[in-house]
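Open the model in your viewer and keep the selection panel at hand. We will go from one stop to the next.

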Amino acid sequence: MNKNYYFKNIPKVDTLLKEERIQALCRIYGKGSVTEAIREELDHLRALVRTGTEEEITDEFERFTEELPGKIEEASRFPLRKVINATGIILHTNLGRAPLGNLQGEALFQTMGGYTNLEYDTETGKRGKRWEHYADLIASVTGAEGAAAVNNNAAAVTLMLSALTKGKEVIVSRGELIEIGGHFRIPEVMEQSGARLREVGTTNRTRISDYEEAITEETGALLKVHTSNYKIIGFTEETSIEELVELGEKYHLPVLVDAGSGVLVNLEQFGLAHEPTVQEMLKKGADIVTFSGDKLLGGPQAGIITGKQKYINEMLKHPLMRALRLDKCTIAALTATFREYLNENNAIEHIPVLWMLSRKSDELKQQAQELCAALKNTGVSGEFAVEPSISMMGGGSLPAEEIPSFAVTIKPAGMSCDEMAERMRKMSVPVIAYTKNGRVWFDMRTVTAGEVHELKCELTMLLGESFSGERVWESNPPRTRLTPNTGFEDQGAHQLPNHAHITY
């Protein structure tokens, strides 16, 4: 084999850049990024010439020019992009936790499209405060006196403790010293805030007397942490918020609650166990309650702080508030989220997390049957079935809660389940599913109606290629896109209920 012949026939970058299809990509992604992608592909080709067989090299040369535009497009895409979540895990941390709905998306677009009154009072013409856009709305929904928000719940706890208890002891039960995602632990968060941790009780049992015996002149607050990402069962006892409030009033100490995931609606209506709502915690007398925005609330990543206005004011003027404050886009999405909660029925219908929780078994089974039948009708090979499955909340929320669902399962022909999963991750719209009992499972609870056709097209192409070596794709799948005036618009299929245009 004359490798010099192949080296001499490797096309030059300048020559490839003159091709019409490549120039079209340059107009979309920019000449610089396209040129870099071409160079990388040429490097791969040179490496193959050095180490590959003549058959491999010949095949690659034959396909190189035809496949180059697709490879450039893949390399030039934004690294953060849409995926189809077919795992059944609603708050999948690795997939971005809570997806946003139409109203939330529309609010984002209206904010991103130009300048805003982020810190400008249009009534007086003077400087305004960014939290004024959301504070009253959050307070109204939760029943709190006041509210603030920062970039996540760990930041909310840090700000709360730093503003209210820096240099003082904060009493917390040993059974509530939780670790959240990414190895962040409550004791470490407290240390960074400048508060000193005072542990009381045991892992499984903590009484109100344990708190009272620990109170000294150095005590700054009583802290209760809701164990939203695990459960302790068996011989257990925990102190209620009401007991802590009574003790706090006796010693003039604030009662602070880290609610973790945070929920604003009664989850029992979805067949789940009771989860204390933020409203309940505040009604029981908690002085401050913090919770996440992108978990059970169903909004953007944020840490929401609700409670007594005098304590909120201390946090708003604290130096950390500037470091942890929200940007205009998060404020827009967060405000739209709480606007939905002004009417609980609207929230359940329009916020994707609640909508997924509310989906009935019959609806999920029908969706699975339709997808399964559609895949069978394409003629691609493999074993297809509809089977009962179990969805999970995920995201450190509702531990051990199993949510009945239905899934389409596939035993692929011509490749293993692991190989199929890998290929799905490399699709133009990656599909994330899971493998069990020698089959690939696609849980319908986290697949919207608008994504079913897209999923069918993606899987038909994948399974058709694997079996016959040819692409079997009857048409281009619809792409769910976000438009400034209409929010999420699904071309060809219904995704989530649309909203009328709003003035935000």
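A nonpolar core is a set of buried Ala, Val, Leu, Ile, Met, Phe, Trp, Tyr and Cys residues joined through side-chain atoms within 4.5 Å. Keep in mind that this is a predicted model.

**Stop one: the cores.** Select M315 and F338. These two have the most contacts inside the largest nonpolar core, which has 86 residues. Next, colour I84, M415, V429 and L455. They belong to a second, separate core of 29 residues. In soluble globular proteins, nonpolar side chains tend to be buried together.

**Stop two: the sheet.** Select β13, β14, β17 and β16. In that order, these four strands form an open sheet with antiparallel pairing. Which strands stand at the edges? They are β13 (382–391) and β16 (434–436). Each has a single partner strand, so one side of each lacks a neighbour in the sheet. On average, neighbouring strands here are turned by 35° against each other, direction ignored.

Zoom in on β16 and β17 (residues 439–443). Three bridges join them in the antiparallel sense. Pick Y434: its bridge partner in β17 is W441.

**Stop three: the helices across the sheet.** Select α18, residues 361–377. Helix α18 lies across β13 and β14 (403–412), at about 10° to β14. Finish with α19, residues 417–425. Helix α19 lies across β14, β16 and β17, and runs at about 45° to β17.

Conventions. Residues numbered from 1 in each chain as written. Predicted model: local features only at pLDDT ≥ 70, side-chain atom pairs only at ≥ 80, totals over all residues. Heavy atoms only, no water. Pairing = 2+ DSSP bridges. Helix = DSSP H or I, 4+ residues; strand = E, 2+ residues; numbered from the N terminus. Axes fitted to C-alpha atoms, helices over the stretch in contact; angles between N-to-C directions. Contact = heavy atoms within 4.5 Å. Buried < 20%, exposed > 50% of the residue type's maximum accessible area, 1.4 Å probe, protein only.
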